[in-house]
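Me: Can you walk me through this one? I'd like to talk about the ligands and the charged pairs.

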Amino acid sequence: MYKTFRGGIHPKECKITEKSAIVDHEIPKVVCIPLIQHIGAPCDPIVKVGDKVKFGQKIGDSKSVVSAPVHASISGIVKAIEPRSYHLGKKIMAVIIEGDGKKEPVWKEKKSKVDPDEIIKIIREAGIVGLGGAMFPTHVKLSLPKDKKIDTVILNGCECEPYVTADHRLMLEKTDEIISGMRLIIQTVGAEKGIVAIESNKKDAIMIFRERLKKEKNITVIGVKTKYPQGAEKNLINAVCKRIVPMGGLPMDVGVLVDNVATAFAVHEAILLGKPLIERICTVTGEVGNPGNYRVRIGTMFSDLYKASGQAAKVLAGGPMMGLAQRWDVPVIKGNNAVLVLGKDMIDTSGYSTCIKCGRCVEVCPMRLMPNVLSVLGEKERFQKMDSFHISNCVECGCCTYVCPANRPIVQFIKLGKQMIRKNAKPK
Ligand code: SF4
Ligand code: SF4
C-alpha cells in the first residue's frame, strides 16, 4: 500500500515523454537572463552593455539575504540590459547575451571533499534555488535558525503534475549524482535520516534508487500513491512522516526539510564540479513537433524550444495544473520544469456559473480549506474576509477548480485575493 495524504485528485497523466531520454537542446545564439529567478530580492547587474562574459560567469547579484545570483548560460557579449517579458506577467530587468560560440566554462572541477562550512557558501554562489518550481534560494533554506533542528530530509521525486517528466528522467539517468546531492544536504542540516519519496507511477525510479541505496542505513526509499498534489511539501510530509505542518508554518517547524530531486542534482554539480546553475532539465510537451526532455540553457527563449503544431493555442510554463499561461517569447528560468503547449481543443471557453454548493471542492482540497467560500468572497471582492478563511494556506494546486461542475475559476479568485491582501497590508 502506497502512502498518501487526504484529498487530492488523479487527473489523466498524459506523460507522453516519460520514455524520452534527456538530450541537450541546441545552444541558443541569444539568451535572456532575468535578474530575478527566485523568491526574494532581484539581483543588480554586475556587467554592462558591451562586456564580454564567459560561460558560467556571474552577471547579477544582490546584497539581500534572500536572493540568488544569476550567471551567463552562454559565452558572448552583453547586448542589452533592459526590461523583458517574464513568467509572472510583468516585465523584469534582464541581461541579453549574444553568443560567441566559445564553450570553455569559467568553473573548474572541485576537489572530491569539501569543508562542510563551505557548502552553503558554494550553493549560494552557484545561484541554486528550489527547482521543483518554488524557486526559494537553497542556501537560505539550508541556513537553519538556531532554535530549529531538522531530523529528516525528504527528497521529493513525486512529479505529480500531468505531462511533466523532467524529474523522472533525471532520477533514472543521474541517480548517483542525486544521491550525492542528497547526502550533502543531509550533512549540511545535520539530519539523522533521509527519505526518497517517489510516486508509484515511476516504479523504475523506485527500483533504481532502492538498488543504489540498499547498503545505506540512514536513507530509505518510499513509494507514495500517484495522486495530485502529492509533491506539495506539506502533503508529502504528512504522507511519509505522518507529521502536520501547522497553518502558516514551515516544514522545519516539524523537523523536516524537503528538496526536489533536481535541486539535489544541482547541489551535487555545484559542490563537486563547481558548476553554477546555468541549465536545467525541461519537458517540452503537448501540441509540439518535438516532445521530449531537454537539457536547456537558462535564458533560452520558449520560441527556440519547441516547434508548435498547427493546433497550438496557448503555452504554459509548467504542467496543466499549476503552470502559468505565457506569452510565446519568455525565457526559460531556473524553476521552469516544463513548457506545455495546449491545443485549441484543450482550452475551455464555456465560462462559469454560480456555486451550486455541491461540496466537491471541499472534499478534494488537500489543505482542508473551503474553496467554495473563498471563491464567492473573491468574486464579491471581499478580500479581507478571505483572510479569516485561511487563504494564505492555499497552495494553489487547482484541485478545487478541476472538480468544480460550475466551472468556477476558484484558484484565480484565490490568487486575486492573495494579491489584494498583500497590496493592502500595512508594512510591518
Ligand atoms: S483551495 Fe487552494 S489548496 Fe485547496 S484545492 Fe483549491 S487551490 Fe488547492
Ligand atoms: S465545487 Fe464548485 S459548485 Fe461545488 S461547492 Fe465548490 S465552488 Fe461550489
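Me: What kind of model is it, and how are things numbered?
Reply: This is a predicted model, where local features need pLDDT of at least 70, side-chain atom pairs count only at pLDDT 80 or more, and totals for chains, interfaces and linings use all residues. Residues are numbered from 1 along each chain as its sequence is written, chains are lettered from A and ligands numbered from 1 in the order in which they are written, and side-chain values use heavy atoms, with hydrogens and water left out.

Me: Back to D176. Which residue does D176 form a salt bridge with?
Reply: R212, with the closest N and O atoms 3.0 Å apart. A salt bridge here is a side-chain nitrogen of Lys or Arg within 4 Å of a carboxyl oxygen of Asp or Glu. D176 is in helix α4 (residues 175-189) and R212 in helix α5 (residues 203-212), 36 residues apart. Helices (H or I, at least four residues) and strands (E, at least two) are DSSP runs, numbered from the N terminus.

Me: How many salt bridges does the structure hold?
Reply: 24. One of them joins E233 and K141 (3.9 Å, N to O). That pair links distant parts of the chain, with E233 in helix α6 (residues 233-241) and K141 in helix α2 (residues 138-142).

Me: OK, ligands. Where does ligand 1 sit?
Reply: Ligand 1 takes up the largest cavity. On a 1 Å grid over the protein atoms alone, a cavity is a set of points where a 1.4 Å probe fits but cannot get out. A molecule sits in one if more than half of its atoms lie within 2 Å of its grid points.

Me: Which residues are around ligand 1?
Reply: Among them are C394, C397, C399, C400 and E396; a residue counts if one of its heavy atoms lies within 4 Å. By class, the shell has 10 nonpolar, one polar and one charged residues.

Me: And where does ligand 2 sit?
Reply: In the second largest cavity. The residues around ligand 2 include C355, C358, C361, C404, K357 and R408. Its shell has seven nonpolar, two polar and two charged residues.

Key: On a 1 Å grid over the protein atoms alone, a cavity is a set of points where a 1.4 Å probe fits but cannot get out, and a pocket is an open set with protein on both sides within 12 Å along at least five of seven lines; lining residues have an atom within 4 Å of a point. Ala, Val, Leu, Ile, Met, Phe, Trp, Tyr, Cys and Pro count as nonpolar, Asp, Glu, Lys and Arg as charged, and the others, Gly among them, as polar.
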